[in-house]
Amino acid sequence: MKCVTGKRSYDTESMAVDALVDIRGRNNYRSESGPINVYQCEDCGQWHFTSKGTTHPLLKDEDVQQRISSQNEAEYWERKLRF
Ligand SMILES: [Zn+2]
């Protein structure tokens with residue numbers, strides 16, 4: 001179901017959080033920019049990203065931060081080597 005907000009929807013919180021970690025790995029966001037948390041939508045009942053409010057605690061987890069920064073690095077080289 002498509003949401004009126006036009007945002008990408010996830011069925012569960014954990015799916016949204018997984019996707020959030022993944023998207024932060026793919027994009028080299030500064031620490032306080034880009035999507036930082038997920039919330040349950042009042043319109044569609046599904047989960048969306050938000051760039052407002054507090055950072056999701058998982059993003060502050062050391063293992064997750066390491067995963068994100070090593071993915072950032074991999075994406076950087078992949079992009080560089082493509083050209
Ligand atoms: Zn929605």
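This is a predicted model: local features need pLDDT of at least 70, side-chain atom pairs count only at pLDDT 80 or more; totals for chains, interfaces and linings use all residues.
**Helix 2 and its faces**

Helix 2 runs over residues 62–82, and its 21 residues span 30 Å from the first C-alpha to the last, which is close to the 30 Å expected at 1.5 Å a residue. At the start of this helix, a side-chain oxygen of Asp 61 comes to within 3.0 Å of the backbone nitrogen of Asp 63. The buried residues of helix 2 are Val 64, Ile 68, Asn 72 and Glu 75. Because they cover an arc of only 80° around the axis, they lie on the same side of helix 2. The face turned away from this buried side carries the exposed residues Glu 62, Asp 63, Gln 66, Glu 73 and Leu 81.

**Packing against helix 1**

Helix 1 (13–26) is included in what covers the buried residues of helix 2. The two helices, helix 1 and helix 2, pack at an angle of about 40°, and their axes are 7 Å apart; helix 1 and helix 2 are therefore oblique to each other. On the side of helix 1, the contact is made by Val 21, Asp 22, Arg 24, Gly 25 and Arg 26, while helix 2 contributes Val 64, Arg 67, Ile 68, Gln 71, Asn 72, Glu 75 and Arg 79.

**Thr 50 and His 56**

Thr 50 belongs to strand 2 (residues 47–50), whereas His 56 is found in the loop between strand 2 and helix 2. Thr 50 counts as buried because its relative accessibility of 17% is under the 20% limit. His 56, with a relative accessible area of 14%, is likewise buried. The side chain of each residue reaches a backbone nitrogen, that of Lys 52 in the case of Thr 50 and that of Leu 58 in the case of His 56; these distances are listed below, together with the one involving Asp 61.

| Side chain | Backbone nitrogen | Distance |
|---|---|---|
| Thr 50 | Lys 52 | 3.1 Å |
| His 56 | Leu 58 | 3.0 Å |
| Asp 61 | Asp 63 | within 3.0 Å |

When residues up to four places away in sequence are not counted, Thr 50 touches Pro 35, Ile 36, Asn 37, Val 38 and Tyr 39. With its neighbours within four places likewise left aside, His 56 is in contact with Glu 13, Val 17, Leu 20, Ile 36, Asn 37 and Val 38.

Notes: Residues are numbered from 1 along each chain as its sequence is written. Side-chain values use heavy atoms; hydrogens and water are left out. Helices (H or I, at least four residues) and strands (E, at least two) are DSSP runs, numbered from the N terminus. Buried means under 20% relative accessible area, exposed over 50%, partly exposed in between (1.4 Å probe, protein chains only). A polar contact is a pair of N or O atoms within 3.5 Å; within protein, one must be able to donate a hydrogen and the other to accept it, and residues adjacent in sequence count only if both atoms are side-chain atoms. Contact means heavy atoms within 4.5 Å. The expected span of a helix is 1.5 Å times one less than its number of residues. The arc is that of the directions from the helix axis to the C-beta atoms. Axes are lines fitted to C-alpha atoms, for helices over the stretch in contact, and angles run from 0 to 180 degrees between N-to-C directions. Angles under 35 degrees count as roughly parallel, over 145 as roughly antiparallel, 65 to 115 as roughly perpendicular and the rest as oblique.
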